[in-house]
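The sequence and structure are shown first.

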Protein chains: 2
Amino acid sequence: MFATLKFAALLLAVVVCWATQDYDYNDAEIDEEPTLGDSPYGSLWPLPQKVQISTVVFKLSGASFHIFDAKASSSGASCRLLQNAYRRYDEYIFTSSRKQGQNKSKKALASDMSELQVWITSADSECDSYPSVTSDESCEFTGMVFVFFHFSHLADTLIQSLETFSQLVYKDEYGAKSINRTDIHDFPRFAHRGLLLDTSRHFLPIKVILANLEAMAWNKFNVFHWHIVDDPSFPYLSRTFPQLSQHGAYHPYTHVYTPSDVKMIIEFARLRGIRVVPEFDTPGHTQSWGKGQKDLLTPCYSGASPSGSFGPVNPMLNTTYDFMSMFFKEVNTVFPDAYVHLGGDEVDFSCWKSNPDIQKFMEQQGFGTDYSKLESFYIQRLLDIVTTTNKGYMIWQEVFDNGVKLKSDTVVHVWMGNKVEEELQKVTEAGFTTILSAPWYLDYISYGQDWQKFYRAEPLSFKGTDAQKKLVIGGEACLWGEYVDATNLTPRLWPRASAVGERLWSDRDVRDLNDAYSRLAKHRCRMVQ
Amino acid sequence: MFATLKFAALLLAVVVCWATQDYDYNDAEIDEEPTLGDSPYGSLWPLPQKVQISTVVFKLSGASFHIFDAKASSSGASCRLLQNAYRRYDEYIFTSSRKQGQNKSKKALASDMSELQVWITSADSECDSYPSVTSDESCEFTGMVFVFFHFSHLADTLIQSLETFSQLVYKDEYGAKSINRTDIHDFPRFAHRGLLLDTSRHFLPIKVILANLEAMAWNKFNVFHWHIVDDPSFPYLSRTFPQLSQHGAYHPYTHVYTPSDVKMIIEFARLRGIRVVPEFDTPGHTQSWGKGQKDLLTPCYSGASPSGSFGPVNPMLNTTYDFMSMFFKEVNTVFPDAYVHLGGDEVDFSCWKSNPDIQKFMEQQGFGTDYSKLESFYIQRLLDIVTTTNKGYMIWQEVFDNGVKLKSDTVVHVWMGNKVEEELQKVTEAGFTTILSAPWYLDYISYGQDWQKFYRAEPLSFKGTDAQKKLVIGGEACLWGEYVDATNLTPRLWPRASAVGERLWSDRDVRDLNDAYSRLAKHRCRMVQ
């Protein structure tokens with residue numbers, strides 16, 4: 001009986017593709033579902049820029065097939081990133097067939113594809129560096145009995161190409177691994193393809209984060225926006241200020257990310273071509289910071305005396321800026337990415353307004369009663385501090401909206417649902433690069449196939465010059481953590497986030513819902529497997 | 001590093017209770033969340049009818065505590081249902097502490113609670129029978145150093161009492177298992193507390209079904225409504241008509257429920273006090289039946305010739321009724337419950353209308369153009385067939401609405417979202433027992449804490465006499481399978497279904513959202529663990 005059970009579980013991945021027939025309820029609105037047909041592009045997701053699949057079929061034998069560096073390639077066996085990727089994709093492609101005890105000694109037949117040669121022509125293979133927003137991600141490959149990838153630039157592009165290659169492999173009617181001769185020229189439409197996970201509202205165990213980094217790579221996402229701390233908890237274990245997580249985390253030992261945890265996550269991401277951009281959001285969303293750091297937050301007043309509760313970061317104390325200097329100096333060493341996200345969203349002024357010292361400070365500074373000026377005062381100083389660490393910064397749109405002076409390489413993160421196009425227009429008119437999240441708040445769930453809504457969103461539909469459009473470098477899907485933890489995160493996120501992945505990678509004209517549905521259904525099966 | 005990982009995963013269950021702070025978005029409506037305080041009733045869910053928790057605390061030592069039959073109990077070691085329940089709850093209570101290699105030889109201290117004696121006073125312990133809608137589920141227990149359960153009637157009530165007992169056990173600040181002296185008198189408000197799972201739209205592996213039966217027991221649900229077949233697939237492997245699943249299942253071997261699978265599920269449910277009521281829905285929702293059974297479905301016409309597609313069951317052929325007789329004879333032997341659900345919902349008349357033979361038949365029968373009469377004609381004959389098998393039947397509300405003549409013990413299942421109270425009034429006025437699902441379609445998801453919506457629903461808010469109210473024997477939470485499979489079923493269902501569990505078990509006046517939220521949060525942690 002239990003053998004049956006196991007068998008059923010293994011085959012689960014197969015069935016999820018089939019059962020999608022609709023059912024009409026009398027009292028519910030259901031979007032019309034796309035037709036589930038066969039796409040000429042098989043299960044490719046996201047769709048490459050140019051792809052030509054011929055009818056010539058090769059077989060891939062688990063016994064003879066291997067991925068290796070072409071002789072002329074500028075990167076070789078010493079490149080851990082490459083070797084790790086070869087092994088991973090070899091495993092993806094042959095997981096089940098290798099189980100039958102095959103070994104690699106078998107000779108390839110004439111119609112076998114026996115090799116995948118990787119040919120990197122860049123002088124600088126950058127095997128040990130981190131991916132960056134300027135990474136050239138374009139690649140070409142030509143399918144022959146021997147396959148070559150040609151890369152003009154960086155090694156981390158390879159990962160995306162291997163992903164594409166593995167998506168081309170299918171089982172024929174006899175279960176034999178097969179691949180059609182295929183020519184691909186590919187590059188992403190947007191350089192910044194991010195996913196935000198929130199580890200403050202609910203702590204996410206490391207294995208959940210790693211699993212989702214894996215899924216990100218399958219969907220060619222390349223930025224993990226780690227919203228690591230917020231009001232509810234402070235799980236980041238700081239070497240400089242260990243009391244922050246000691247008092248601010250849900251649990252000081254079990255629900256924190258230690259320096260070695262963080263390092264592991266960054267390395268796991270790097271091996272998949274993914275940047276890790278941490279967000280330390282201030283001056284709002286900082287309740288948990290106040291538990292371990294005395295005098296950091298503004299004391300709120302009830303009438304003439306402190307009420308015992310606290311508001312945003314206290315912007316009038318020099319100690320605040322001393323703290324931030326030391327804290328972001330550490331952040332700079334821990335997180336190698338060129339950018340850090342500084343938040344700056346949703347600052348509630350009521351506590352500041354209640355505090356007589358703040359009122360006096362406002363007067364001294366000549367801010368009148370305009371508390372957004374006080375907010376800008378704080379942010380401005382924070383930005384100056386972070387600038388000295390040589391990091392670029394990303395900020396939520398309010399910081400721009402409030403007229404804070406920003407460095408020219410600042411990335412403005414547009415998230416508010418109202419007047420999205422107007423905001424994109426303004427930000428790019430001011431010459432700032434920007435990324436978009438407004439249409440992609442994946443924590444908002446609704447009945448039915450809401451991936452279509454995410455898929456339809458078009459980041460460049462606003463009015464603006466070509467130069468302005470070029471400043472939109474991408475977008476991020478956000479999964480805020482109010483109602484998400486390890487028990488439901490993965491099925492809630494995928495394949496819904498895949499819709500965003502294709503929108504950010506593929507050509508603007510790739511919008512056929514029926515074709516997308518067919519490819520996405522197969523892509524989902526592969527992910528579940 | 002990996003030791004850390006494991007530790008984090010183990011502790012996951014603890015954190016999910018804590019992280020529920022709200023976050024305001026500018027552009028979204030969020031229901032106000034209840035306050036997360038401490039309930040005087042700890043983590044009891046659903047809340048018993050009468051409960052008094054004293055401040056006297058006993059410790060439960062994993063080494064000395066055991067559950068056993070009181071000497072005077074009418075059931076003993078030969079009762080598999082009891083022994084199985086004792087073992088299960090012993091494991092629930094002591095899972096973690098037993099791991100430290102304790103054995104049971106240790107003597108109990110004075111303040112220890114060392115025994116839980118189960119005293120069944122019913123003459124008929126019914127250890128080997130199946131739970132039924134008439135099971136007396138009331139129980140009392142008094143907490144002392146020796147605990148007694150008193151049962152006036154059936155053994156399966158015991159399972160619910162053990163669940164309550166295990167919910168009273170908590171860890172004190174030192175981690176020691178503790179229980180307060182507690183007096184409880186308990187019984188369910190409604191006899192029928194069901195959960196519908198749909199295994200046709202997506203096949204559910206057996207382990208998913210078993211896991212959810214377990215969760216049902218933790219929430220005192222007592223009916224598993226198994227919507228086993230429908231349009232998309234026919235996973236029920238019939239001994240009499242094996243071709244039904246051979247051609248109608250997603251896969252004839254891996255995506256079917258064999259006779260032994262069904263038997264295992266029924267037994268697993270029985271040991272948890274849960275009835276299994278299968279639904280074989282006809283004459284609509286039967287596309288998958290037609291694949292294995294020739295001439296069962298009505299051929300649709302396009303103009304003067306058959307279109308190649310099929311509609312509902314063909315009601316004019318005698319072969320249809322021969323088939324149904326044999327099929328439900330088998331169903332009667334496979335499923336021991338006194339009831340079977342015969343469906344009867346959402347019959348689409350367009351195919352019948354297109355078919356000239358059906359038109360002729362309508363004329364002969366004097367139905368005019370009223371196709372609901374044809375539907376009733378079919379259902380009437382089906383009900384007569386099932387009546388000969390000595391099974392009672394449940395049907396969806398349309399069958400009643402269409403005026404089909406029903407046996408007096410028929411259960412009418414109210415599911416339509418419009419005019420719910422009016423429908424309950426009509427059904428009970430006609431003297432039929434009824435169960436309610438309309439407010440509890442759990443497949444409809446929305447952002448935020450929608451458990452409150454399910455919790456607030458009140459089955460007896462319609463106008464009617466006391467006698468009418470008594471005819472409402474309960475309700476069912478429904479999780480239809482369009483967008484649900486093994487990857488997301490459990491986190492989507494729980495703890496949302498728990499809200500329905502308490503509504504159906506506890507007193508009508510148990511409606512305090514803050515108190516419920518506090519207990520539910522803890523109950524959820526326990527379930528995750």
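The account below takes the disulfides first and then the helices.

**Disulfides**

The model is predicted. Across all chains, it contains 2 disulfides. In chain A the bond joins A:Cys300 to A:Cys351, and in chain B the partners are B:Cys300 and B:Cys351. The values for each pair are listed in the table.

| Pair | S to S distance | Torsion about the S-S bond |
|---|---|---|
| A:Cys300 and A:Cys351 | 2.2 Å | about -110° |
| B:Cys300 and B:Cys351 | 2.1 Å | about -110° |

Because its torsion is about -110°, the disulfide of A:Cys300 and A:Cys351 is left-handed. A:Cys300 belongs to strand E11 (residues 297-302) of chain A and A:Cys351 to helix H10 (residues 350-354) of chain A, so the bond ties together parts that lie 51 residues apart in sequence. Both A:Cys300 and A:Cys351 are buried.

For B:Cys300 and B:Cys351, a torsion of about -110° likewise makes the disulfide left-handed. Here B:Cys300 is located in strand E11 (residues 297-302) of chain B, and B:Cys351 in helix H9 (residues 350-354) of chain B; the pair therefore ties together parts 51 residues apart in sequence. B:Cys300 and B:Cys351 are each buried.

One further cysteine may be noted in each chain. A:Cys478 has a relative accessible area of 0% and is therefore buried. B:Cys478 counts as buried because its relative accessibility is 0%.

**The helices at residues 318-334**

In chain A, helix H9 covers residues 318-334. Its 17 residues should span 24 Å at 1.5 Å a residue, and the end C-alpha atoms are 25 Å apart, which agrees. The buried residues of H9(A) are A:Thr320, A:Tyr321, A:Phe323, A:Met324, A:Phe327, A:Phe328, A:Glu330 and A:Val331. Among the elements covering them are helix H6 (243-248), strand E10 (275-279), helix H8 (287-292), strand E12 (305-313), strand E13 (339-341) and helix H12 (371-388) of chain A.

In chain B, residues 318-334 form helix H8, whose 17 residues reach 25 Å from first C-alpha to last, close to the expected 24 Å. Buried positions in H8(B) are B:Thr320, B:Tyr321, B:Phe323, B:Met324, B:Phe327, B:Phe328, B:Glu330 and B:Val331. These residues pack against helix H5 (243-248), helix H7 (287-292), strand E12 (305-313), strand E13 (339-341) and helix H11 (371-388) of chain B.

Notes: Residues numbered from 1 in each chain as written. Chains lettered and ligands numbered in written order. Predicted model: local features only at pLDDT ≥ 70, side-chain atom pairs only at ≥ 80, totals over all residues. Heavy atoms only, no water. Helix = DSSP H or I, 4+ residues; strand = E, 2+ residues; numbered from the N terminus. Expected span 1.5 Å × (residues − 1). Buried < 20%, exposed > 50% of the residue type's maximum accessible area, 1.4 Å probe, protein only. Contact = heavy atoms within 4.5 Å. Disulfide = S-S within 2.5 Å.
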